[in-house]
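Colleague: I am new to this one, so please take me through it step by step.

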Amino acid sequence: MAKLMMRVFDQGFGHPSGLVGRLGGALMAKVNAEQETRAVEQAGLGSGDTLVVVGHGPGVGLRLAAEAVTPKGHVLGVDPSAAMREMAVSRCEEEIARELVEIRDGTAEQTGCADASADAVISVNNVMLWERPRGFAELFRVLRPGGRVVISVHRHVLDVEPEELRKDAVQAGFDRVDLTLRPRKFNSPAIELVAHRPA
Ligand SMILES: C[S@@+](CC[C@H](N)C(=O)[O-])C[C@H]1O[C@@H](n2cnc3c(N)ncnc32)[C@H](O)[C@@H]1O
């Protein structure tokens, strides 16, 4: 029974696919919108910036980021789930038509981006699914010097101590690493990490 529950959970949220994945996506779009909003704010984006959003899920953060970088910036979303890419494409139809948003198959470990091509990278509720050292190294590689990464994750889904994220970030070369636990009324604390690629 526990194994079945884990499988359904993974199909809905971790590696969304099929109907369960789409239901999970609809739920995430509501429940995680506050976290996506905050992550976009923490990225300190400006018009013309280039941003990579890893594990965008249903695409709420992509739309918010597009608003922050318009009219000349670029938001690239990468997610390994075809179901989530489809939901995000439909949510961001207008932004895609305006060439503000692009959506591709990819992961934190393999974004497909050029070296030093992004001003910022955002990840909400997917760091627990990465091979973390590879993911942090990849995000460091795609950020320009001075660029910043913002990672936010529910405390209850992260299977390691939050401090491990700081260690991973430092190991990958990031500096000015800020790690906080933000208490919330209706959910476990949000773990938020903001770090910079040295200029
Ligand atoms: C729990 S959902 C979070 C979606 C959205 N950011 C949110 O908070 O509502 C996890 C997402 O991460 C994606 N994902 C799975 N493995 C990943 C990886 N290695 N790198 C990046 N994203 C991954 C999944 O396909 C899924 O869309």
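**The sheet and its surroundings**

Colleague: Let us begin with V53: what is its bridge partner in β2?
Modeller: V53 has G77 as its bridge partner in β2. Strands here (E, at least two residues) and helices (H or I, at least four residues) are DSSP runs, numbered from the N terminus. Residue numbers start from 1 along each chain, following the sequence as written. Please note that the model is predicted: local features need pLDDT of at least 70, side-chain atom pairs count only at pLDDT 80 or more, and totals for chains, interfaces and linings use all residues.

Colleague: How many bridges join β1 to β2?
Modeller: Five bridges link β1, residues 50-54, with β2, and the two strands run parallel. Strands are said to pair if DSSP finds at least two bridges between them. Between β1 and β2 the chain passes through helix α4, residues 60-69, in a right-handed β-α-β crossover. Right-handed is used if the path from the first strand over the helix to the second runs clockwise, with the strands pointing away from the viewer.

Colleague: And with what does β1 pair over four bridges?
Modeller: β1 and β4 pair over four bridges, in the parallel sense. In this pairing V52 is opposite V121 of β4.

Colleague: What about β2 and β3, then; how many bridges are there?
Modeller: Four bridges connect β2 to β3, which covers residues 101-104, and these strands are parallel. L76 faces E102 of β3 across that pairing.

Colleague: How much of β2 is buried?
Modeller: Four of the five residues of β2 (residues 74-78) are buried, leaving the strand mostly covered. β1 is mostly covered as well, with four of its five residues buried. A residue is buried if 20 or more other C-beta atoms lie within 10 Å of its own, exposed if 12 or fewer, and partly exposed in between, with C-beta atoms placed from the backbone.

Colleague: Turning to the helices, which residues of α3 are buried?
Modeller: In α3, residues 33-42, the buried ones are Q35, E36, A39 and V40. They line one face of the helix, because they fall within an arc of 135° when seen down the axis of α3. That arc is taken from the directions from the helix axis to the C-beta atoms.

Colleague: Against what do the buried residues of α3 pack?
Modeller: They pack against α4, β4 (118-124), β5 (143-154) and β7 (190-196). Contact here requires the C-beta atoms of two residues, placed from the backbone, to lie within 7 Å. After α3 comes G44, with a positive phi near 60°.

Colleague: And α5: which residues are buried there?
Modeller: In α5, residues 82-91, A83, M84, R85, M87, A88 and R91 are buried. The elements covering them include α2 (18-31), α4, β2 and β3.

Colleague: Now the backbone. Where is the cis peptide bond?
Modeller: The cis bond joins T70 and P71, with omega about 10°. P71 sits in the loop between α4 and β2.

Colleague: What is the phi of A116?
Modeller: A116 is not a glycine, and its phi is positive, near 50°. This residue belongs to the loop between β3 and β4. A116 counts as partly exposed because it has 14 C-beta neighbours inside 10 Å.

Colleague: Is N125 buried or exposed?
Modeller: N125 counts as buried because it has 23 C-beta neighbours inside 10 Å. Its phi, near 55°, is likewise a positive value in a residue other than glycine. N125 lies in the loop between β4 and α7 (132-142).

Colleague: One last topic: how many residues surround the ligand?
Modeller: The ligand is surrounded by 21 residues, and the closest are M28, N32, G55, G57 and S81. A residue is near the molecule if its C-beta atom, placed from the backbone, lies within 6 Å of it.

Colleague: Of what classes is that shell made?
Modeller: The shell has ten nonpolar, nine polar and two charged residues. Ala, Val, Leu, Ile, Met, Phe, Trp, Tyr, Cys and Pro count as nonpolar, Asp, Glu, Lys and Arg as charged, and the others, Gly among them, as polar.
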